[in-house]
Amino acid sequence: MSDLTFDPFDPAQTQNMWDLMVELRDRAPVSRPMPGFVYVARHADVKAVFRDAESYSSREGFRGANVTLPLEESFLGEVDPPLHTDLRVLLLQAFRPGLEKRAEAFTRAYVERLWDSIASAGGGELVAEFGLNIPPAVTGHILGIPPDDIEQVGRWGFELIHSTWPETNATERGVGIGGAFPEFAAFLDEQIQWRRGVSDPPDDIITRMTRAEADGHRLSDLQIRTLCANVLLASLSTTNLIGNLLHRFLTDRSFEESLRGRPELVPVAVEESLRLEPPVMFLFRTARIDTEICGEVIAKGERIILGIASGNRDERVYERSDEFLLNRVDPVEHLTFGPGPHLCLGNQVARMEARVALETAMERFQPGGLSTAPGFTLQRVPMFLEYGPERLDAIVQSSS
Ligand code: HEM
């Protein structure tokens, strides 16, 4: 099986292994790309592991070895049942259905302002000036961050994710979000305490977290602060989704023409992008017990790599699985939002942001009016589990 190995931590390999994935699905659906790591390639098996939080733990998540966090400072993705179930029940009281609909007017106005400034400059770098800005702004809005503070909160989120904190839970300033990012922590604490103190706080996620209650349990202030940071950081994957769709929109005229001819296909395009080019290509679990996947014995403690990107192109599930099709009819849901107890809480918000980005681009620019700058070549973000353009230099040819 030596010809089927790869380094899961090397983006040059993980972002370019589509042919290898075909081989893996066919010949080695459960393989060991390096000692201690098990790669799961087929849709059905990835889904089964996602759903089985009893056998496969999320706890090790993305933290380095020897980093253990108190429960109140753990992100949802780092907590296993039964505690995860309790937390999720509380958080679902804040993430009500229809959240994305209520956030759409804000998103549209915000995105239109970004397009205006790109149009008046005759173009721009669409990852830095567009895709990176939208997710923290929309997440800040749904959390209930005051409009004047949203940009600062986005900057804190960016600093946090690019610091040593994700791996070590610390920076040179201190430990935990409170020690490593004291200004961010103090800002969130103030938002929480203010809502607890007034009689009629705004109806937003932070307020709902202060009120959530199940079986007599409530979230502490520290837990709410942690979960605010969790939601903010989790939402940043949406940048890759927007970048992937805009790259296609700028470089494939037939894609743009199809969407302009039938705007009702925009949500289909978003779904197909999520399937074919998942912003997060794989995730990790750890076997809690000796078990078995697709007939392959898995030892307790082995790290499982959930091949989201591979499962999403499984030819057992999708016709012409390597192609971007706007008339796809396969009924099976892709794996991009993690089908299982940890299913992405922001999946509808992410879909809405991407849809609005495309719809407003078509409203703001003439057909063919937005294209890549001369000499542009696509580079992807240098992160082993991410898939999205690192930059997208665009020019506006003639704006309306
Ligand atoms: C295209 C963009 C996004 C992608 C690809 C994505 C992907 C995911 C995935 C795969 C998980 C499950 C992780 C696991 O099973 O270990 C997850 C969880 C989560 N996502 Fe997203 N996400 C996106 C956008 C968002 C947005 C916009 C928000 C919030 C507004 C958000 C909030 C969360 C939260 C809070 C969780 C933790 C759920 C739990 O562990 O119970 N995500 N996301």
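Residues are numbered from 1 along each chain as its sequence is written. In this predicted model, local features need pLDDT of at least 70 and side-chain atom pairs count only at pLDDT 80 or more, while totals for chains, interfaces and linings use all residues.

Colleague: How many helices and strands does the chain have?
Modeller: Helices (H or I, at least four residues) and strands (E, at least two) are DSSP runs, numbered from the N terminus. On that basis the secondary structure comes to 18 helices and 14 strands.

Colleague: What is the radius of gyration of the chain, against the globule rule for 400 residues?
Modeller: The radius is taken over C-alpha atoms, and the rule is 2.2 Å times the number of residues to the power 0.38. For 400 residues the rule gives 21 Å, and the chain is close to that, so it is as compact as a globular protein of that length. The radius of gyration is 21 Å.

Colleague: In what order do the strands of the 5-stranded open sheet lie?
Modeller: Two strands pair if DSSP finds at least two bridges between them. The edge strands, β1 (30-34) and β3 (56-57), each pair on one side only. The pairing in this sheet is mixed, and the order is β1-β2-β12-β9-β3.

Colleague: Within that sheet, which residue of β12 is the bridge partner of Tyr 39?
Modeller: Strand β2 (residues 37-40) and strand β12 (residues 303-306) run parallel and are joined by 4 bridges. In β12, the partner of Tyr 39 is Ile 305.

Colleague: What angle does helix α3 make with β12?
Modeller: Axes are lines fitted to C-alpha atoms, for helices over the stretch in contact, and angles run from 0 to 180 degrees between N-to-C directions. Contact means that C-beta atoms, placed from the backbone, lie within 7 Å. Helix α3 (residues 43-51) packs on the sheet, touching β1, β2, β3, β9 (283-287) and β12, and its direction makes with that of β12 an angle of about 125°.

Colleague: Where does the cis peptide bond with omega of about 5° lie?
Modeller: Most peptide bonds are trans. One of the two residues concerned, Pro 82, lies in the loop between β3 and α4 (83-92). The cis bond joins Pro 81 and Pro 82.

Colleague: Is Asn 169 buried or exposed?
Modeller: Asn 169 is in the loop between α9 (165-168) and β5 (170-171), and its phi is positive, near 60°. A residue is buried if 20 or more other C-beta atoms lie within 10 Å of its own, exposed if 12 or fewer, and partly exposed in between, with C-beta atoms placed from the backbone. Asn 169 has 20 other C-beta atoms within 10 Å, so it is buried.

How values were computed: Two residues are in contact if their C-beta atoms, placed from the backbone, lie within 7 Å.
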